[in-house]
Amino acid sequence: MTAAPRPTTVGEAGSVGKGRTLPAGAADTAPGPGKRSWRGTFGGEALSGYLFVAPAVVLFAVMGLYTVGYGFLLSFASWNGFMPHWTWVGLDNYADLLWRSPIYAPRVRSAGLNTLWVMIAVPVLTVMVSFPLAVLLNRARRMQAVLRSVFFLPYVTSGIAVFFAWQYILQPDGAVNLLLGQLGLGSLQQPQGWLGNPDTALPTLIVVTVWSAVPVSMLLYLTGLQTIDRSLLEAAELDGAGWWRTNASVVWPLLRPITAIVVLLNLRDSLQGFQTFLVMTNGGPGDHTNVLGLEAYSLAFLKQLRPTLGLASALGWLLFAAALVLALINLRALRSKT
Amino acid sequence: MRIPFARNVRLVALAATTALTLTTLSACGGSSDSGGDSTSLEMWTFKQSHVGALRAAAEEFKKETGITVKIEAYTPDDAYTTKLQSSAKTGNLPDVLEVHSDGEDFVLGAAGVAADLQDEIPDSWSGRFQEAIKGSGTVTAQKFKESQAKDSTFKGVEQDQRFSVPLTAGTFGIVYANKRKLADAGITEAPATWEEFLDAVEATHHKDPKTGGISLGLKVKSTGLTWVLQPLAFAQLGKQAYWDLFGKDKATDFGSANGTKVLSMYDEITPYWMPGSQSLTIDEADQAFAQGKSAFAVGGTFTLAFLQQNGMKADDVLAFGLPAPKGGAVPDRALGPLALTGLSLTATSEQPENAKKWMEFLSGTDVAANFAKASADLPATELGADSAKVLGPALTSMMESFEGTEETTYDPSLNDFRPPGYDQDVAGEILTDLSPLGRETPAQTGAKLRGLNSDYWATQ
């Protein structure tokens, strides 16, 4: 806490439309319009301000701009992470990934198709689960905080360990098959495990991804629900709308911006995320659960030191471009409907 | 009016922020901390099972020379590679690295990370190694030719350069059988042929369909191909016909009758995989075997150490090389030994002489014998007449599978018959659809493998 007096803003009139912040008592000594001195710009207050900002700027320059720039340049090169020099290949990496290479292009297409399924299923299922859950939680009269914590648990505990735990649950002798057997639903058991059958592996991974995405989405919906004016809900009730109709026709439309955010976040995660897939299946069995994020990781680190880091970087930039397009579409949709 | 205290607080805050930032940034750089101390070395390994043995050797080395060696392990292999990449960039490498022989060492050498040991290994040192692997780590004429390929990972090396000396030896395609499960199924001897092996698996599987099968970490995609199919195909077809499977000639490649024949043989084990093998890593599959969830496990000579770490005793298992088919071209096929891991000296080591002393120390007969006992791994050093006593029956029986002629020995280190840049993982993915998934027939799988090989040849 500082003991210094609050600053006052001066110079609204005639200061090229921009107010300058000066300490109280300094206004009378401040240079007038057009008289901004070097000392005013770089000395004293300004200098300490710049110095305060400098660490963040330096950190961003080193950790952000440098790495982003480095990665972008790498996408035009061939390198294995060890060789002293990069080999410049121009746009070859992009061409190889998109259509030219008989080795890489088909893999990218196949991974792209799997990614598309994930991008469709995860946002839809997440909304389908988290919205009703938030509505029910919002109505809970007792233990709301406890329930909220319980439902938030998957997010707090998410990580490699949880994915390993899921793996054990989904094994041939894991809890899911055991439970199905106990319930007399043996025909639904997966003898090769839920991750060992190509028909169930991708849907299972989608379910696990949704499980870890629901908590944040539910909290977002819950926040939205608590900002809805109660008078609107009461008006709907007075007009004879039941619980279902109120939620479908009043609450759901009002929470459309939240839905847009939830969808956008999950689309981005589905497009770029790969941890679940790496830990639980490594894209297998075979290549049946390979996704684009995992393919990029694999090109970077799992190619036995082949010079494929440039390809990995190019794929990363393609994913970035796709994410940007999705964000713009989402933003546009959000603007037009709210 | 200003209160001086506020200014002081601000300055202190500024200084603290700047200091923190500089600390953070300085953490991004740095160099190996072993460099400053002339009696301290650092060595990294990717084999957890080697750590104890190396540390024990380091204690002996310190007693002899006064030089301390700090051993650090980074596992699994992928994490180790990433660690090497980042440390090479930041100049933070140790003095000595354990590396995958005749592959990773060349990559490191080409990149200037590993020092060239070409004239540094006298005969008195290299003569200690087993004859078949004494030159391991050297860029032979064949390896130099491989380095010239477009996608070679070690482009830039020169012939006769040497980037490692061998530490451990061994091979892939070693089958481990649970003796108790074999006895329960009425089997007392190791199967001598592929057919007998299938009969044995059928017997243990019949006894207990859930825990009587074969475990193999098929989540690591190339294992089925490199540890089972390839040695099997070599034995069935003979060396040249096996090489031709990967060639350009459609009459003899994987899509041919020969390809269908060996893929059909591989497919014979499909009913006997341990449930869920396709979702297990190599370690998980070996753990499953150690826990009694399968009767057989396929691995390498190095697997025994891991099984022991997981509670199995060497006496609990019967180990033998993957048997050859009775009517095949090479019924007495041997599994060629190769240097599995080696020691590389980093080019940035500030104590290369001390580091070389340590590397040479590890190749000593007594040290290697102790290393073998402690790690349950085969050392690269020739142990002489006492080897059976030192290694124990399990490792000794594995070494018996090495005995063969040049024509009858399957050598997993040879690669020049494959298209340059060939990725075994992609081929392994195709093979998984045949076995264990059963989604493709042998002929369909052969056609896909032919397509893959053609694509690789076409990109050259």
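A salt bridge is a side-chain nitrogen of Lys or Arg within 4 Å of a carboxyl oxygen of Asp or Glu. By that criterion, chain B and chain A have 4 salt bridges between them. The model is predicted, so local features need pLDDT of at least 70 and side-chain atom pairs count only at pLDDT 80 or more, while totals for chains, interfaces and linings use all residues. Residues are numbered from 1 along each chain as its sequence is written, chains are lettered from A and ligands numbered from 1 in the order in which they are written, and side-chain values use heavy atoms, with hydrogens and water left out.

One of the salt bridges is formed by the side chains of Asp199(A) and Arg439(B), with N to O at 3.5 Å. Asp199(A) lies in helix H8 (residues 198-227) of chain A and Arg439(B) in the loop between H17 and H18 of chain B, so the pair joins two chains. Helices (H or I, at least four residues) and strands (E, at least two) are DSSP runs, numbered from the N terminus. Asp199(A) counts as exposed at 53% relative accessibility, whereas Arg439(B), at a relative accessible area of 40%, is partly exposed. The classes are buried for under 20% relative accessible area, exposed for over 50%, and partly exposed in between (1.4 Å probe, protein chains only).

The interface as a whole involves 52 residues of chain B in contact with 54 residues of chain A, where contact means heavy atoms within 4.5 Å. Chain B and chain A bury about 4,200 Å² between them, and 59% of this is on carbon and sulfur atoms. Buried area here is the accessible area (1.4 Å probe) that two parts lose on being put together, summed over both.

Polar contacts link 13 residue pairs between chain B and chain A, both residues being at pLDDT 80 or more. A polar contact is a pair of N or O atoms within 3.5 Å; within protein, one must be able to donate a hydrogen and the other to accept it, and residues adjacent in sequence count only if both atoms are side-chain atoms. On chain B, the helices that each supply at least two residues of the side touching chain A are H1 (4-27), H3 (77-90), H4 (104-110), H17 (424-434) and H18 (442-458). H1(B) gives the largest share of that side, 8 residues.

Chain B itself contains 18 helices and 11 strands. Of its 460 residues, 56% are buried. Among contacts in chain B with a separation of 6 or more, 78% are between residues 24 or more positions apart.

Over all chains, the structure holds 20 salt bridges. In one of them, Glu295(A) pairs with Arg107(A), and the closest N and O atoms are 3.3 Å apart. Glu295(A) belongs to helix H13 (residues 292-301) of chain A and Arg107(A) to helix H4 (residues 104-139) of chain A, so the pair ties together parts that are 188 residues apart in sequence. Both Glu295(A) and Arg107(A) are buried.

Another salt bridge joins the side chains of Glu131(B) and Lys134(B), at 3.6 Å from N to O. Glu131(B) is exposed at 61% relative accessibility, and Lys134(B) is partly exposed with a relative accessible area of 28%. Elsewhere, salt bridges that share partners join Arg107(A), Glu295(A), Lys221(B) and Glu429(B) into one network.
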